[in-house]
Amino acid sequence: MKLPIYMDHNATTPVDPRVLDAMLPYLRGSFGNAASRNHSFGWEAERAVEQARGQIATVIGASAKEIIWTSGATESNNIAIKGVAAMYRDKGNHIVTQATEHKAVLDPCEYIEEHGCRVTVLPVDQYGVVDPGQLREAITDQTILVSIMHGNNEIGTIQPIGEIGALCKDRGVLFHTDASQSFATLPINVDEMGVDLLSCSGHKIYGPKGVGALYVRRKHPRVRCEPVIHGGGHERGLRSGTLNVPAIVGMGKAAELCGETQAEEIQCITALRDRFKDGLFTRLSDTHLNGHPTRRIPNNLNVSFKYVEGESLMMGFSDIAASSGSACMSAPLEPSYVLEALGVGEELAQGAVRFSIGRFTTEEEVDYAIERVCATVEKLRAMSPTYEMAREKKRKKRGQATLSAGSPLPPKGPSR
Ligand SMILES: *Cc1c(COP(=O)(O)O)cnc(C)c1O
């Protein structure tokens, strides 16, 4: 077993060797510009880009024409939110989202709010799930877009996007979902789920960084969108700029691989994650699972260890790469806004650690991590005065309970 162990797959994944193999030719001899119409270098690049577009479309039940290449899910979210807000300004100016979205959704929403839109940010329940009933009530005749993510990057909670999609169809409102954490790794069908726009990213699915895609529905209804980046008119005018052919080829291959092994990988990674969880929860008391107990993405385990602080905990097991809060928080020592939205409470939020495993994680690594994490928590708690005080209180309470209950000891008889 090699150290350190990588358990931060919700932040980014390693590139699958098969993905790298697919990319290499396009960094070597096949370096053409996919927009070059006059020679075989260009045609070859274009062919590769179109094949990859099909690979993305296939895993979500879309058609290749509905896929736009971007630099990642952040850009896809920006195009979906700012682009729809600008295009449908005459129809309405209201957008609905929810509190535990990635900043790549919340920040563009804040931006359009500063530019004349009205944004409703729905609360979530203690598991991080948005209430479709509340969403229905939030929609007005001014609402043009609902943006609710699929799998949460921090706590793993899966939102009921099928139900939300149906509700949006019913009200004639466009539905965007940030599916960065579930694209290709969980079953998604944009028609069945009523999704009109979907964001995804290459580096969350064992592909390269700096590439992503946006699904934009072309039929029932035909979604229109203002571009965010102008110049040259690539990607049906929606996203100009020379395409990153090697990265696109890599993302296509990565999506295809995930799609092919989806069912087995869900099973296998869920089993490993549950082994990890059971290992921690059996040995440690005062441990809290953040997010939904069952409706969560397979690879995410977000746990709060009472009486210990997440940052110090992670310093204690420096050979395990995990994360406190999300990787992209600008102020890492502040408690996570996602956990805050769940009402987890400051103390538990401070002790939260996100472990996220992946395709190449082994049972041996999980067992090692259980041992290291438990040993570190026990060591830190042994030094913690608040933990000692809490234990003392518990002991006293137990003592009082047995006294006040006054139940006599069972009569001693001969033991058989
Ligand atoms: C990683 C992630 C993003 C950002 O994706 P990039 O491709 O890195 O821009 C957005 N939303 C969610 C939910 C993510 O997990």
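**Ligand surroundings and the domain contact**

In this predicted model, an oxygen atom of the ligand lies 2.9 Å from a backbone N or O atom of Ala73, a polar contact in the sense of N or O atoms paired within 3.5 Å (within protein, one must be able to donate a hydrogen and the other to accept it, and residues adjacent in sequence count only if both atoms are side-chain atoms). The residues around the ligand, each with a heavy atom within 4 Å of it, include Gly72, Thr74, His102, Asp178 and Lys204.

Turning to the chain as a whole, the domain assignment (automatic or from a database) gives domain 1 (17-258) and domain 2 (262-396). Their centres, taken over C-alpha atoms, are 30 Å apart. To the contact (heavy atoms within 4.5 Å), domain 1 brings 31 residues and domain 2 brings 25 residues.

Between them, the two domains bury about 2400 Å², with 57% of it on carbon and sulfur atoms; this is the accessible area (1.4 Å probe) lost on putting the two parts together, summed over both. Glu154, Ile155 and Tyr206 lose the most area in domain 1, together 31% of what that side buries.

Residues are numbered from 1 along each chain as its sequence is written, and side-chain values use heavy atoms, leaving out hydrogens and water. Local features need pLDDT of at least 70 and side-chain atom pairs count only at pLDDT 80 or more, whereas totals for chains, interfaces and linings use all residues.
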